[in-house]
Every structure is written in structure tokens, then in C-alpha cells.
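Colleague: I'm new to reading protein models, and I'd like to go through one with you. Could you take me through it feature by feature?

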Amino acid sequence: MKHVNHAVIFLSLILSGALPVHGQTAQPPVSNIHAQPVRAVSGTTATSVQAGTGSQIRIRWKLAGTRSQSSVMFLQIYRDKKPITSESNLQTAVLLATIAPTATEYADTVESGTDYYYAVLALTKGNNDRTVLPAINATVTPARIAAGPAPETLEIQKAPEETLYPAGSLREIPLPALELLSEQRIQPVAMSDKAYAASQKYGMPVPKPEKLAPYAFEEDLISPQGGDEYILFDILHTTFARKNYTTAIDKLRDFLALNRSEEITDRAYFYLGECLYFTADYEQAIKMFLLVQDSYPQLTSRWIDSSLDLINIPD
């Protein structure tokens, strides 16, 4: 199939006057749109689906600031089996839904084995502007539910979630005392190498806290159709999933040397932090986790705490 440079088409449309320009610094209400297959579970909504093969495609996008978004009355989601590159394409596209102006994702039920393209329009009161901006509010990469065998997956198990008890509530009976003791994190005592060696000599070893298990984001558990997400998946599958962390560090740094989307960049930095963590370079690992702390506050806090625990105990 002949490759179409959508960026060139979009620029040509602007220069020819076919697309209106709302100020050089104006940010469109909807941007950074992308779509990917998901595995539907019973009673699913747009926020309760899991990555994988199935019957749904999840469309996500970002919204502009409150000033640009305040005039938006609602969002309209369109789907077609060919790229939606202009307003005229909307006449043959399917209008899937009209949703609230604050929504940032939508799950679409589709047939397997077919390419689908999407566009999300932000409509304002008294304004019939239905401008389509490829790669901004319209996808340029097809989304497809794979037919036949499920795609390749990363075999990375997530750690079991801890049971949380509300304040003032009682734990179940009998109390899982042994389990709690085995899962309790041992707080290390900061010691010099000399003091640690002395403790070993006199039969008083300092117990080491256990390392965390490898973690993978849901978006990277299946093989995407292409683009930056596929490149990242290939790096993880050939190095990270096989615990070849030294090679993974080199490949992830090469991957991050080029401009990527913010979401993919954040995930790549987190994986780089994990690889440094598993090669015992805890100081550099902490720096990587701090770079994405705003995006994953709870997750990075757990890995930073573990890195600080391990950094004080010599291997």
C-alpha cells in the first residue's frame, strides 16, 4: 500500500486555506488521539478494559486547557474503515457517540480483522466548525482487532495487590499473621562497608530487603500494529522480558534519543529505571523514576523506596 505522508497533506490544506487557522498559538480542544485494541470484560466501560485481543478498540485523546475547553458543548466520535482526513470524509463515516466535553476516552465494539480509523470533534455553541486534523484529532494509524491466535505477549507477572483495610475496621479471622510477617518489608540500617564486613565476621549478617518483581504497563503486554509502541514492545520483548537488562538499557537510551509522544516517553523512562534497578545501579534508577514521578506517583514511590533500601546494603 502506498505510504501517505499525512503531515504534508495537513500542511498543504492549511496553506491552501482548506483548513482554518485559529491563531498560531491556539491549541485545538482535542489533540494527541490514538486507538488500540483492548480485551473486553463483563460490564466494561471505557475505563475498565484490559489490553489484548477481543471485540473492542479504545480511543484516547487529550483535552486543551480550561480556557479552550470552556466553550465546548460536547464531543462527537466518528469511525471509518479508511483514514478520516477532512470534513468531507465525515459524510460517509459512522457517528459513534455524542459525549460530554470532559471525556478523554471511549471504547468501541468492532469486528475483528478490519482496520478502523477515528476522529473526535469538539463542537461549540453556535459554531459548526468540523475541522479534521490528521494525527491531532483524527487517527492516521489503523486500529485492528487481530483475528485468529492471540498476539505475542510479554510474560511478566505483576505482584499481587495488598489487601487494604479501612480505618477502624477489623482484619478477617483468623488473622494472617504468618503471611503478614513474610510480606513485611524489613527496614535496613545504613551501615558502612567496614561495619557490614564486621557484622559478617561475627555472625551477625544484616538481612537484605528483597527486590521488586519486574513490572510492565498494560499497553505493552501485547504486540501493537506498528509505530513507536511497536518499537518499544520489541525492545521489551527481546531484552527486558528475558532479563537481559544491560542490553535493554542501551536500546532504551537509543529509543529515548529521538522525540516520542509524552506517554510512550514516560513508559520508556520507567522501564529504563527498572533495568538500572536490576543491574544494581540504584542511584541512576532513582533519577529515572523521578523523571516520571508526576505521571506515575504511587508506582514510582514504591520503586524509589526500594532503591533507597537497597542502596545502603552492599551486594
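**Reading the model**

Modeller: Let's begin with T265, which is buried, with a relative accessible area of 17%. Buried means under 20% relative accessible area, exposed means over 50%, and partly exposed lies in between (1.4 Å probe, protein chains only). Keep in mind that this is a predicted model: local features need pLDDT of at least 70, side-chain atom pairs count only at pLDDT 80 or more, and totals for chains, interfaces and linings use all residues. Residues are numbered from 1 along each chain as its sequence is written, and side-chain values use heavy atoms, with hydrogens and water left out.

Colleague: Where does T265 lie?

Modeller: First, the general idea: helices (H or I, at least four residues) and strands (E, at least two) are DSSP runs, numbered from the N terminus. T265 belongs to helix α7, residues 262–278. In total, the protein has nine helices and seven strands.

Colleague: Which backbone oxygen does the side chain of T265 reach?

Modeller: A polar contact is a pair of N or O atoms within 3.5 Å; within protein, one must be able to donate a hydrogen and the other to accept it, and residues adjacent in sequence count only if both atoms are side-chain atoms. Here, the T265 side chain reaches the backbone oxygen of S261 at 2.8 Å. There is also plain contact, which means heavy atoms within 4.5 Å. Setting aside neighbours within four places in sequence, T265 is in contact with L256 and R260.

Colleague: What does the side chain of R260 make a polar contact with?

Modeller: R260 sits in the loop between α6 (245–256) and α7. Its side chain makes a polar contact with the side chain of D228, at 2.7 Å. The R260 side chain also reaches the backbone oxygen of F255 at 2.9 Å. Not counting residues up to four places away in sequence, R260 touches D228, I231, F255 and T265.

Colleague: Now for cores. How many residues has the largest nonpolar core?

Modeller: A nonpolar core is a set of buried Ala, Val, Leu, Ile, Met, Phe, Trp, Tyr and Cys residues joined through side-chain atoms within 4.5 Å. The largest one here has 34 residues, and L232, L252, F270, Y271, Y277 and W303 have the most contacts inside it. Helices α5 (227–240), α6, α7, α8 (282–291) and α9 (297–311) each supply at least two of its residues. The largest share, nine residues, comes from α7. Apart from this core lies another, of 17 residues, among them A35, I57, V72 and I99.

Colleague: And sheets? In what order do the three strands of the open sheet come?

Modeller: Two strands pair if DSSP finds at least two bridges between them. In this open sheet the order is β5-β4-β7, with antiparallel pairing. The edges are β5 (94–99) and β7 (117–124), each with a single partner strand, so one side of each has no neighbour in the sheet. Strand β4 (residues 72–80) pairs with β5 over five bridges, and R79 stands opposite V94 in β5. With β7, β4 pairs over eight bridges, and there the bridge partner of D80 is Y117.

Colleague: Why is β7 described as largely enclosed by the rest of the structure?

Modeller: Six of its eight residues are buried, so β7 is largely enclosed by the rest of the structure.
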